[in-house]
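Biologist: I have a chain open on my screen and would like to go through it with you. Can we start with the side chains?

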Amino acid sequence: MEYKNEIRKITAAEFFPAVVHMKTENWRLVQICASCIEGGYEMSYSFCLRYDMVTLRLEVEEDEEVASITQIYPCAFLQENEAEQLFGVKIKTIKPDYKDKLYRIDVETPFKKKE
């Protein structure tokens with residue numbers, strides 16, 4: 001049996017509708033991963049349905065805001081808070097927003113690229 005493991009690069013305009021589509025098709029959110037790239041961040045949102053996996057990959061500029069998906073996938077709040085606190089990704093309307101207090105760390109945005 002063959003399983004799907006696909007990475008789809010999407011734009012900011014395609015992001016929210018794509019997440020809504022995943023929810024309506026009963027895909028479950030597996031993980032959200034932030035990583036630093038030149039000039040910003042790469043956000044990977046992985047979804048599973050049975051044994052298939054699809055990752056929506058979004059590139060955002062350092063000062064660009066990303067819409068929270070917590071109103072669609074409430075479980076996303078931990079991973080969104082993590083991306084915000086550790087990398088500095090600007091995610092708007094996280095529910096609940098821990099306001100950079102998810103982890104007890106001494107350094108602000110420790111995984112953000114330093115100039």
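Modeller: Start with Phe 47 and Tyr 73: both are buried, where buried means under 20% relative accessible area, exposed over 50% and partly exposed in between, with a 1.4 Å probe and protein chains only. This is a predicted model, in which local features need pLDDT of at least 70 and side-chain atom pairs count only at pLDDT 80 or more, while totals for chains, interfaces and linings use all residues. Residues are numbered from 1 along each chain as its sequence is written, and side-chain values use heavy atoms, with hydrogens and water left out.

Biologist: How many aromatic pairs does the structure hold?

Modeller: There are 5 aromatic pairs. Rings of Phe, Tyr and Trp (its six-membered ring) pair if their centres lie within 6.5 Å; planes under 30 degrees apart count as stacked, over 60 as edge-to-face and the rest as tilted. Phe 47 and Tyr 73 make a tilted pair, 5.5 Å centre to centre with 50° between the planes.

Biologist: Which parts does that pair tie together?

Modeller: Phe 47 sits in strand β3 (residues 40-49) and Tyr 73 in the loop between β5 (65-67) and α2 (77-87), so the pair links parts 26 residues apart in sequence. Helices (H or I, at least four residues) and strands (E, at least two) are DSSP runs, numbered from the N terminus.

Biologist: And what lies over the face of Tyr 73?

Modeller: Lys 23 does, at 4.9 Å from the ring centre. The criterion is NZ of Lys or CZ of Arg within 6 Å of the ring centre and within 35 degrees of the ring normal.

Biologist: Now Phe 87 and Phe 111. Buried or exposed, Phe 87?

Modeller: Phe 87 counts as buried, at 15% relative accessibility. Phe 111 is partly exposed, with a relative accessible area of 47%.

Biologist: Change of topic. What is the pattern along the sequence?

Modeller: The chain reads β-α-β-β-β-β-α-β, which comes to 2 helices and 6 strands. Its radius of gyration is 14 Å, close to the 13 Å that the globule rule gives for 115 residues, so the chain is as compact as a globular protein of that length. That radius is taken over C-alpha atoms, and the rule is 2.2 Å times the number of residues to the power 0.38.

Biologist: How much of the chain is buried?

Modeller: Buried residues are 37% of the 115.
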